[in-house]
Amino acid sequence: MNRHVLHVMLCVMLLVMVQAVVVADASQPPLVDLEFRDAEILDIYQVLGDLAGWNVVADQSVKGKFGLSLRATPLTQALDLVAQSTGFGYHLMGNTLVVVPASRLKAMAPRDFALLSVRHMALETAKALLEAGVPGVTVSLDQRQRAVLVQGTAAEVQDAQAVLA
């Protein structure tokens with residue numbers, strides 16, 4: 001038998017034994033039993049995505065092997081454990097699980113913005129304060145309205161509003 005075919009068959013036999021446990025409360029994520037030995041990380045995400053009924057899209061750098069054994073674990077917790085253990089992260093966009101290196105997750109977060117009035121300090125001072133106090137935000141000045149336009153994640157924009165409050 002072709003050595004490659006034999007290797008693939010062996011990997012398939014060793015890779016996955018997955019069983020989704022049905023949970024009575026549909027609002028809770030399903031509990032899963034997972035066992036992977038020396039499995040491709042992308043295959044693990046694919047199985048988790050399949051269990052949830054999600055499409056899976058992965059960055060080309062999602063490579064490597066990983067093993068885990070989980071019993072009666074909520075699906076979302078299983079995803080978090082795999083992400084934390086492998087250095088890859090995920091973002092759910094609708095019904096698609098997007099898997100990327102953890103360093104790229106922030107860039108995928110939805111962007112928000114707010115136009116904040118500035119009355120008690122110079123606009124340049126407000127901009128410097130926001131950029132120093134809320135890393136990651138983009139601040140633009142609107143001289144005509146005496147305001148700053150703050151762009152970032154929802155949490156960053158909320159932090160910026162608190163800084164100027």
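Modeller: Let's start with His91, which counts as buried because its relative accessibility is 19%. Buried means under 20% relative accessible area, exposed means over 50%, and partly exposed lies in between (1.4 Å probe, protein chains only). Please keep in mind that this is a predicted model, where local features need pLDDT of at least 70, side-chain atom pairs count only at pLDDT 80 or more, and totals for chains, interfaces and linings use all residues. Residues are numbered from 1 along each chain as its sequence is written, and side-chain values use heavy atoms, with hydrogens and water left out.

Biologist: Which residues is His91 in contact with, leaving aside its neighbours within four places in sequence?

Modeller: Contact means heavy atoms within 4.5 Å. By that rule His91 touches Thr96, Leu97, Val98, Leu105, Met108 and Pro110. For the whole protein chain, buried residues make up 33% of the 165 residues. Among chain contacts between residues at least 6 apart in sequence, 58% link residues at least 24 apart.

Biologist: How many helices and strands does the protein chain have?

Modeller: Helices (H or I, at least four residues) and strands (E, at least two) are DSSP runs, numbered from the N terminus. Here the count is six helices and nine strands. His91 belongs to strand S5.

Biologist: In what order do the three strands of the open sheet come?

Modeller: Two strands pair if DSSP finds at least two bridges between them. The order is S3-S6-S5, with mixed pairing. S3 (55–58) and S5 (88–93) are the edge strands, each with a single partner, so one side of each has no neighbour in the sheet. Direction ignored, neighbouring strands are turned by 25° against each other on average.

Biologist: How do I read the mixed pairing?

Modeller: Take each pair in turn. S3 and S6 (residues 96–101) run parallel and share four bridges, with Ala58 partnered by Val99 in S6.

Biologist: What lies across S5 and S6?

Modeller: That is helix H3, running at about 140° to S5. Axes are lines fitted to C-alpha atoms, for helices over the stretch in contact, and angles run from 0 to 180 degrees between N-to-C directions.

Biologist: At what angle do the axes of H2 and H3 cross?

Modeller: The axes of H2 (residues 41–52) and H3 (residues 75–86) come within 10 Å and cross at roughly 165°. That makes H2 roughly antiparallel to H3, since the label applies over 145 degrees, with under 35 roughly parallel, 65 to 115 roughly perpendicular and the rest oblique. The contact brings residues including Ile44, Tyr45 and Leu48 of H2 together with H3 residues including Leu79 and Val82.

Biologist: And the other strand pairs?

Modeller: Six bridges join S9 to S7 (residues 112–117) in an antiparallel pairing, with Gly152 as the partner of Asp112. S8 (residues 138–142) also runs antiparallel to S9, through five bridges, and Asp142 is partnered by Ala147. S8 and S9 form a hairpin with four residues between them, where Arg146 in the turn has a positive phi of about 50°.
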